[in-house]
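Here's a quick tour of one model, covering charge pairs, a helix, some rings and a loop. Have your viewer open and follow along.

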Amino acid sequence: MILPALLLSTLLGPLAQEPPATAPAAHSTASVDSHIDAGLAAFKKKRFRQAEIEFRQAVDADPNNAAATWYLGYTYYKIAEPKRPFHPDKQKAADLFAKAYQLDPQFRPAWSPSAGGGSRRSHKAKAPAAPAEPKPAAAKQG
């Protein structure tokens, strides 16, 4: 009885000691941005299910992306909007809104790539800007 267990552990031992397979490389920021852009384009055309797919892929690629999280939540809200007032998707949307603002309290949605100078993609709170150094007073000419 002990011998088969010993043989089995010997055979499986090297497998158990191998380092775990690494996850595929995280999606690049460009990939996340492209999913957000595609989601926004679908959303504007009221193709909410397609927008949901794109925003979900962006969130899956970068779970800390406030923009992807917020837009996914808003898409869930728009899908549930014509349904009863307390539809579960509306609660899911509220949870995603809260998560987005937890990830980036300064996040403000922008509905086009050119709007907001890229702030829609921010996934970390921005550090406050350093105060500008005072300019030296110009010498009076008399």
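## Salt bridges

Searching the whole structure turns up 4 salt bridges, where the rule asks for a side-chain nitrogen of Lys or Arg within 4 Å of a carboxyl oxygen of Asp or Glu. Before going through some of them, note that this is a predicted model: local features need pLDDT of at least 70, side-chain atom pairs count only at pLDDT 80 or more, and totals for chains, interfaces and linings use all residues. Residues are numbered from 1 along each chain as its sequence is written, and side-chain values use heavy atoms, with hydrogens and water left out.

One of the bridges joins Glu-52 to Arg-49, with N to O at 3.2 Å. Both residues sit in helix α3, 3 residues apart, or about one turn of the helix. (Helices are DSSP runs of H or I with at least four residues, strands are runs of E with at least two, and both are numbered from the N terminus.) Another bridge pairs Asp-60 with Arg-56, whose closest N and O atoms are 3.6 Å apart. These two are also in α3, 4 residues apart, again about one turn. Lys-78 and Glu-81 make a bridge too, at 2.9 Å from N to O.

How accessible are the partners? Glu-52 counts as buried because its relative accessibility is 17%, given that buried means under 20% relative accessible area, exposed over 50% and partly exposed in between, with a 1.4 Å probe and protein chains only. Asp-60 is exposed at 52%, while Arg-56 is partly exposed at 30%. Glu-81 is partly exposed as well, at 37%.

## Helix α3

What length should α3 have? Its 14 residues should span 20 Å at 1.5 Å a residue, and the end C-alpha atoms are 20 Å apart, so the two agree. The expected span here is 1.5 Å times one less than the number of residues.

The buried residues of α3 are Phe-48, Ala-51, Glu-52, Glu-54, Phe-55, Ala-58, Val-59 and Ala-61. Their cover includes α2 and α4, with contact taken as heavy atoms within 4.5 Å.

## Aromatic rings

Rings of Phe, Tyr and Trp (its six-membered ring) pair if their centres lie within 6.5 Å; planes under 30 degrees apart count as stacked, over 60 as edge-to-face and the rest as tilted. By this rule there are 11 aromatic pairs. Take Trp-70 and Phe-107: their ring centres are 6.1 Å apart and their planes meet at 50 degrees, so this pair is tilted. It links distant parts of the chain, with Trp-70 in helix α4 (residues 66-80) and Phe-107 in the segment after α5 (88-103), 37 residues apart. Trp-70 is buried at 10%, and Phe-107 is buried at 1%.

Phe-107 also pairs with Tyr-101, tilted at 50 degrees between the planes and 6.2 Å centre to centre. Tyr-101 is partly exposed, at 31%. Ring pairs link these residues into a cluster that includes Phe-43, Phe-48, Phe-55 and Tyr-71.

Lys-92 lies over the face of Tyr-76, 4.4 Å from the ring centre; the criterion is NZ of Lys or CZ of Arg within 6 Å of the ring centre and within 35 degrees of the ring normal.

Most residues other than glycine have a negative phi. Lys-46 has a positive phi of about 60 degrees although it is not a glycine. Lys-46 is in the loop between α2 (29-44) and α3 (48-61), and it is exposed, at 63% relative accessibility.
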